[in-house]
Amino acid sequence: MHDETASLVTRLLAQRWLPRDDAQGRKALLDEAFREELDRRLDAVGLELREHPYAAYIGLAVARKSERAVFGGSDSWISNTLQLDRDGVALLVVIWALIVLPKRQRQVERQDAEAAASQGQMFAEEKPIPRDPTISPVIAERTLLADFGDKLGGKTRVGFNLGTLNRLGFIIRRKGEVAEGPLLDLAFDYERTARRILDGALGDLLAEAASRPAPAATDDEDDLPLDETEESTDV
């Protein structure tokens with residue numbers, strides 16, 4: 001007999017993420033009995049389904065009850081299980097803040113606008129949450145380096161870490177630009193992390209960066225997009 005719950009877990013472990021409109025993914029989100037069985041079996045091995053109504057993908061994460069065993073099992077508490085150095089984690093947080101926070105605001109605003117527009121319709125249908133990829137901002141690598149490069153290890157380290165985050169599925173790099181990858185919206189718990197960023201030191205840095213003019217393009221080799229000058233780091 002086919003075990004659909006085991007199949008979904010195996011696919012998530014092997015592929016690391018699935019679009020939420022995947023047949024089994026949709027079943028996990030909409031079928032209450034299936035979700036209860038999925039949660040029970042994941043909980044038994046210290047995992048949980050990572051999903052968010054505004055995210056286009058689903059994945060797996062270490063359950064809260066297992067965090068100490070996984071992240072605190074050595075002499076010091078580790079920040080991740082992906083061998084990301086501190087500057088790599090810092091870059092991931094910055095990119096998450098620059099892409100996911102404004103994306104979420106746009107999603108909420110669009111959903112509110114659609115709800116307001118449908119109020120006067122007698123038989124208006126509930127609109128799905130907008131997850132169009134065009135809602136997500138795209139960051140120029142040149143701008144990212146100018147605004148945060150000195151705090152994230154310089155051009156070489158930023159280029160290396162962008163390549164790593166690209167391979168891990170957090171971002172997509174295209175022609176000197178950084179776009180949202182499948183795992184970026186699932187990287188952090190939005191409800192826990194967003195306010196800490198906005199109210200913390202990073203919020204001040206983001207506001208300062210937003211107030212500065214974008215760096216002008218030049219023909220100097222040092223100003224080439226990082227994916228061209230640091231191509232060897234993405235192997």
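Colleague: What share of the 235 residues of the protein counts as buried?

Modeller: Of the 235 residues, 37% count as buried. The term means under 20% relative accessible area, while exposed means over 50% and partly exposed lies in between (1.4 Å probe, protein chains only). This is a predicted model, in which local features need pLDDT of at least 70, side-chain atom pairs count only at pLDDT 80 or more, and totals for chains, interfaces and linings use all residues. Residues are numbered from 1 along each chain as its sequence is written, and side-chain values use heavy atoms, with hydrogens and water left out.

Colleague: Why does W96 count as buried?

Modeller: W96 has a relative accessibility of 0%. The limit is under 20%, so W96 counts as buried.

Colleague: And V94, how do you know whether V94 is buried or exposed?

Modeller: V94 has a relative accessible area of 5%. That value is set against the limit of 20%, so V94 is buried. V94 lies in helix α5.

Colleague: What does V94 touch, not counting residues up to four places away in sequence?

Modeller: V94 touches L144, F148 and L202. A contact needs heavy atoms within 4.5 Å. V94 and L206 are 112 residues apart in sequence, and their C-alpha atoms are 8.4 Å apart in space. For the protein in general, take contacts between residues at least 6 apart in sequence: 66% of them join residues at least 24 apart.

Colleague: How many helices and strands does the protein have?

Modeller: There are ten helices and six strands. Both are DSSP runs, numbered from the N terminus (helices: H or I, at least four residues; strands: E, at least two).

Colleague: How many aromatic pairs does the structure hold?

Modeller: It holds two aromatic pairs. Rings of Phe, Tyr and Trp (its six-membered ring) pair if their centres lie within 6.5 Å; planes under 30 degrees apart are stacked, over 60 edge-to-face, and the rest tilted.

Colleague: What makes the pair of W96 and F188 edge-to-face?

Modeller: The planes of W96 and F188 stand at 80°, and the centres are 5.6 Å apart. The angle is over 60 degrees and the distance is within 6.5 Å, and the pair is edge-to-face. W96 lies in helix α5 and F188 in the loop between β6 and α8, so this pair ties together parts that are 92 residues apart in sequence.

Colleague: Why is the pair of W96 and Y190 called tilted?

Modeller: The angle between the planes of W96 and Y190 is 50°, with 6.0 Å from centre to centre. Ring pairs link W96, F188 and Y190 into a cluster.

Colleague: Why does Y190 count as partly exposed?

Modeller: The relative accessibility of Y190 is 21%. The range runs between 20% and 50%, so Y190 counts as partly exposed.

Colleague: What is known about phi of Q83?

Modeller: Phi of Q83 is near 60°, a positive value in a residue other than glycine. Q83 is found in the loop between α4 and α5. Its relative accessibility is 71%, so Q83 counts as exposed. K175, in the loop between β5 and β6, also has a positive phi, near 50°. K175 is exposed, with a relative accessible area of 80%.

Colleague: How much space lies in the largest pocket?

Modeller: The largest pocket holds about 1,400 Å³. It is lined by 39 residues, and those nearest its centre are R50, F71, L186, A187 and F188. On a 1 Å grid over the protein atoms alone, a pocket is an open set of points where a 1.4 Å probe fits, with protein on both sides within 12 Å along at least five of seven lines; lining residues have an atom within 4 Å of a point. The volume is the space filled by probe spheres set on the points, which are joined across faces, edges and corners.

Colleague: Which helix gives the most to the lining of the largest pocket?

Modeller: Helix α8 gives the most, with six residues. Elements that each supply at least two residues include α1 (4–15), β2 (47–50) and α5 (86–118).
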